[in-house]
Each structure stands twice: as C-alpha cells, then as structure tokens.
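Grab a pencil and let's work through a few exercises together. Keep the model open while you read.

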Amino acid sequence: MESGNQQIESQNNQQPPLMFKVLKRFNRCRAAVVTLPHGDVRTPVYMPVGTKGAMKGLLSENMAELIDCDIMLSNTYHLFLKPGEDIMEQMGGLHKFMGWNRNILTDSGGFQIVSLGELNSLDENGVSFKSHIDGKEFLLTPERSMEIQNKIGSDIMMALDDVVTPTTSGPRVMEAMERSVRWLDRCIQAHKNPDRQNLFGIIQGGVDDELRKICCEMMTKRNLPGYAIGGLAGGEDKEDFWRTVKVCTDLLPDDKPRYVMGIGYAEDLMVCSLLGADMFDCVFATRTARFGSAFSKYGMIKLRKNEYADDFGPISEECQCYTCQNYTRSYLQKTFRADQSCLHLISLHNVQGLRNSVLNDTAEQYARDFFINYYRDDKNGIPVWIKNALKECKIEL
Ligand SMILES: [Zn+2]
C-alpha cells in the first residue's frame, strides 16, 4: 500500500527538488530564482535563523508575510535536543510542526556542537559531544546527521563537515578538508529522500587556495544540487576572505546555487553577492543587530537611534524592496530591540536592493553608492580589501 502511494507521488512529482534559474547578471553577480519543494527563493537571499524551530517573537503564520521570507534556516543541533527528531517525525516534519509552508534549510549540527556543546572528541567516525542542556552524551556521524535531517524534512540539508577556524594553519587544514569530502560521501550514501530533499556539500580548505581548489574539484564531481563555502567569517584577514570566496565561486558550477555560510555584515554580504554567491545566513545575527544599519542613497541609517521614532518614511524613498514598500523607519526603530524580524527587514532591504539593481541594469551604480555611503563617516574611507574585491567585479571605487 505504502509503496503504491509513493509511486503515485513520484509520478506526479517529476520535477527535481531544486531548479536554479539566472534571470540576469552583472559581471559575476547573479539575480536568480531557486525553485524548491516549498516555493521559489529569490536570490541573492539572506536567510533568517529560526533557532529551535520558530523565530523569537514571531508566529509562523505571520512570519512569511511580515518579513517576506522565502527560506529560513533552522539548527539541527537545537531541534535534535528539543523537541527531538522523533516528535518531529511524528508531526510530519518541521514544516508541519511549525505551521511553516515555505522553505527550510537545516545545518548539519556540527558547527553548533563545536560552538555551543561540549566537544568530547572528533575522529574519522564522527563528533562526540555533551548536550549544553543536560550534559547527556551524543555521537553525531554523517549518517546520524542525515537521519535527523531526513526526519526534519528540510528542503536543503547540509552535509556534516569537519570545520576548522580560518585562522588554523598547517596539516590540520588539509586533514579537515579531506575528511569533509569523505563525510560528504557517507552523507550521500545515507540520504534517504533525494527525490524531495536537497543535500549541499560544504567546501573547506581554510584560506589556502590550493586546498579550496582541490575541494571544489572533488565535491563538484558528486554532482550535488548546490554547494556552500564554509569555514570563513572567523577572524581571517579580509583579503584572504574575499579571495577565498572568489576562488570557490570561480570553480563551483554556474548553474547551481552557492551559499556562503556564517557572514552577516552588510559589506560582506554585498561583496560576496558581487563575487557570485547567492545565499547567506548569519550566526551572529543578534550581535550584528546592535550595529544594524540600513543603506540609503543619502548615507547609512542607524535604525537603533531614537531620532527615527516619529519618522514615517521608508528607509529609502526610491527603493522598491519589500521593506521600503511596507515599513517605516519609525516601525523599524521601535521593533529594533524586540526581535530578529527588524534585522531581517534591514538585511532584506540591503540584499533586495542589489537584486533589483541587477534586474534593472543599475547594479554598478548601486554598488558604488552603497560603499561610498557606507564608509562616508569613516575617516579611513573604503577599506582597500573592498576596493580590491570590487576590481574583480569590474567596479572601480
Ligand atoms: Zn528598501
């Protein structure tokens, strides 16, 4: 009976679980649409983090409408500890559990273990750790990560990788990169739902161009629906940061989405988008929010300031983004401390502005205005690393 149903489902559902269509380009930068099982994602996209299954202070029925969100990131580590994978499976997956019918991306759980849990040991088999809630011991292997993410039912799942900080050097960097490839193969083997869930590999290799190239070459041979660039935004030199992103975007397939993990600052997001990356998240969202600023033609708007309390205009009069069409500076200022939705609306403005400019053939001007205004009050002006990165995108600052 069950296999009969599955057959009907697969006959009705011939479409692959990910399709990627570039609408327009500006040099290396792409304005695209990623079609996933729960709808279209307009890229470049900033994914808010819905830790523990729901974004703080927001009900999911309102969330999509309130913040115009096509895809949300959820942490496997948190979901696994509470409410747990079996409850998730009984409920029919995280979408049903949360009442969220748009897309979800889940991380592998590895990064959260390293940053939150108490790491006991890491070897070829996997990562063993103690829960930060009750001290209970767990072992996360590539197979376990896939099993949990299959039960969660996320639209995009991330492979378990061996992460080292970008400031690590020596043989450990190569070991972690090679292990990430072997773990990816175990993830591919263990993944039960390739017809309806997408598995992304994560490029590692520190800030070593050769290692990154080898990793890109090996992982793209696996012909996955998309790829992430991991192991950055951890205190590395900014020249190393942008060059590593460029090395990877040069080698990753042009017809698949590219996700740069863990960056959240507006300038990093803008540089990576211009270099040809499509998806972003920010693990430091709440910390960044304290400095959250939106870009407008007339300079940066620091929305935490009280001066906007009675300002009922949008961030930017001429901006066509969702935030500017629907929200006032006053609203953003008032919600600034309350929850993450304000930060998301600001990031949405910054990213959608660039996307719209690519579609309107005004991206060069947009990027130039952005950086000139962003650093207008900075006595050192636009940093050299940004000028160097933008030269690669054929923009002279
Ligand atoms: Zn806007």
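Asn 198 lies in strand E11. This is a predicted model, where local features need pLDDT of at least 70 and side-chain atom pairs count only at pLDDT 80 or more, while totals for chains, interfaces and linings use all residues. Residues are numbered from 1 along each chain as its sequence is written, and side-chain values use heavy atoms, with hydrogens and water left out.

**Exercise 1.** Work out whether Asn 198 is buried or exposed, and list what it touches.

*Solution.* Start with the cut-offs: buried means under 20% relative accessible area, exposed over 50%, and partly exposed in between, using a 1.4 Å probe and protein chains only. Asn 198 has 2% relative accessibility, so it counts as buried. Next, its contacts (heavy atoms within 4.5 Å). Skipping residues up to four places away in sequence, Asn 198 touches Pro 17, Leu 18, Leu 36, Pro 37, Asp 155, Ile 156, Met 157 and Pro 225.

**Exercise 2.** Find the residues that UniProt lists under "active site", and describe where each one sits.

*Solution.* Step one: the unreviewed UniProt entry lists Asp 107 and Asp 281. They span 175 residues in sequence, yet no two of their C-alpha atoms are more than 10.8 Å apart, so they gather at one spot. A word of care: UniProt positions are given in the numbering used here, feature names are shortened, and annotations may be inferred rather than shown by experiment.

Helices (H or I, at least four residues) and strands (E, at least two) are DSSP runs, numbered from the N terminus. Asp 107 is in the loop between strand E6 (103-106) and helix H6 (110-115), while Asp 281 belongs to strand E14 (residues 279-281).

Step three: check burial. Asp 107 counts as buried at 11% relative accessibility, and Asp 281 counts as buried at 3%.

Step four: look at the neighbours. Beyond four places in sequence, Asp 107 is in contact with residues including Ser 74, Tyr 77 and Met 158. For Asp 281, the contacts beyond four places include Tyr 46, Leu 73 and Tyr 259. The side chains of Asp 281 and Tyr 259 also make a polar contact at 2.8 Å. That term means a pair of N or O atoms within 3.5 Å; within protein, one must be able to donate a hydrogen and the other to accept it, and residues adjacent in sequence count only if both atoms are side-chain atoms.

**Exercise 3.** Which protein atoms are the donors of the zinc ion, and what is their arrangement?

*Solution.* Donors are N, O and S atoms within 2.8 Å of the metal (3.2 Å for Na, K and Ca); water is not among the atoms, so sites may look incomplete. Here the protein donors are Cys 319 (SG), Cys 321 (SG), Cys 324 (SG) and His 349 (ND1), lying 2.0 to 2.3 Å from the zinc ion. Along the chain, their spacing reads C-x1-C-x2-C-x24-H.

Now the angles. Four donors count as tetrahedral if all angles lie between 85 and 135 degrees. Around the zinc ion, the four donor atoms subtend 99 to 114°, which makes the arrangement tetrahedral. As for burial, Cys 319 counts as buried at 13% relative accessibility, and Cys 321 is buried too, at 0%.

**Exercise 4.** How many helices and strands are there in the protein, and what share of its residues counts as buried?

*Solution.* The protein has 17 helices and 16 strands. Of its 397 residues, 55% count as buried.

Notes: Tetrahedral: all angles 85-135°; square planar, octahedral: opposite > 155°, others 65-115°.
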